[in-house]
Amino acid sequence: MSDRKRVFVSAGEYSGNVYVASVIRDLANRYPQLQFEGIGGTELAQSGVKILHNSDQWGSIGVIEALKRWKLLLVNRGICTYLEQTRPDLLLLADYPGFNMPLARKAKSLGIPSVYLFPPRKFARDSTRVQDAAKNITRVAAEFEPTFKTYQEAGARVDFVG
């Protein structure tokens with residue numbers, strides 16, 4: 001049995017890829033026993049993440065663009081099954097809430113802890129979404145103070161990371 005800890009990463013947009021890639025590099029330097037795999041683009045691949053699905057072309061703006069990416073529903077379902085089968089030690093999510101929140105819910109149901117970097121700010125306008133996130137995400141890393149306060153008020157375990 002390997003003593004390596006497995007981290008599943010999911011970043012669907014360019015900004016999340018860039019941000020998380022720097023986090024992955026830092027984690028890999030500090031904790032060489034960590035093994036990273038998941039969903040991301042070129043930046044994550046270059047940081048040492050074994051990419052299962054490349055998300056370089058996933059970003060979208062608006063409803064029509066999002067509808068063009070209906071195949072992502074199948075990818076999401078497949079990743080939920082993958083999480084169930086492989087049981088990583090941690091789920092590390094970045095932005096992309098339409099894709100990542102189902103993964104967070106699945107991880108919670110499986111007892112897999114999750115950390116959400118760049119939590120969705122649009123949730124701040126919808127208290128039911130913030131409550132859902134607070135209930136299903138183990139730890140939130142908020143990069144903006146208003147986001148931190150929103151998640152804190154919702155009862156999430158949240159840290160302000162700036």
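Is Phe148 buried or exposed? At 17% relative accessibility, Phe148 counts as buried, because the cut-off for that word is under 20%. Please keep in mind that the model we are discussing today is a predicted one.

Phe148 also has an aromatic partner. Together with Phe160, Phe148 forms an edge-to-face pair, with 6.2 Å from centre to centre and 65 degrees between the planes. The structure holds four aromatic pairs, and this is one of them. Phe148 belongs to helix H7 (residues 145-153) and Phe160 to strand S7 (residues 158-160), so the pair ties together parts that are 12 residues apart in sequence. Phe160, for its part, is partly exposed, with a relative accessible area of 45%.

Strand S7 brings us to the sheet. Seven strands make up an open sheet with parallel pairing, in the order S3-S2-S1-S4-S5-S6-S7. S7 is an edge strand, as is S3 (50-54), and each of the two pairs on one side only. From one strand to the next, the twist averages 20 degrees.

What kinds of residue line the second largest pocket? There are 13 nonpolar residues, no polar ones and two charged ones.

Terms used:
Residues numbered from 1 in each chain as written. Predicted model: local features only at pLDDT ≥ 70, side-chain atom pairs only at ≥ 80, totals over all residues. Heavy atoms only, no water. Nonpolar A, V, L, I, M, F, W, Y, C, P; charged D, E, K, R; others polar. Phe/Tyr/Trp six-rings, centres within 6.5 Å; stacked < 30°, edge-to-face > 60°. Helix = DSSP H or I, 4+ residues; strand = E, 2+ residues; numbered from the N terminus. Buried < 20%, exposed > 50% of the residue type's maximum accessible area, 1.4 Å probe, protein only. Pairing = 2+ DSSP bridges. Axes fitted to C-alpha atoms, helices over the stretch in contact; angles between N-to-C directions.
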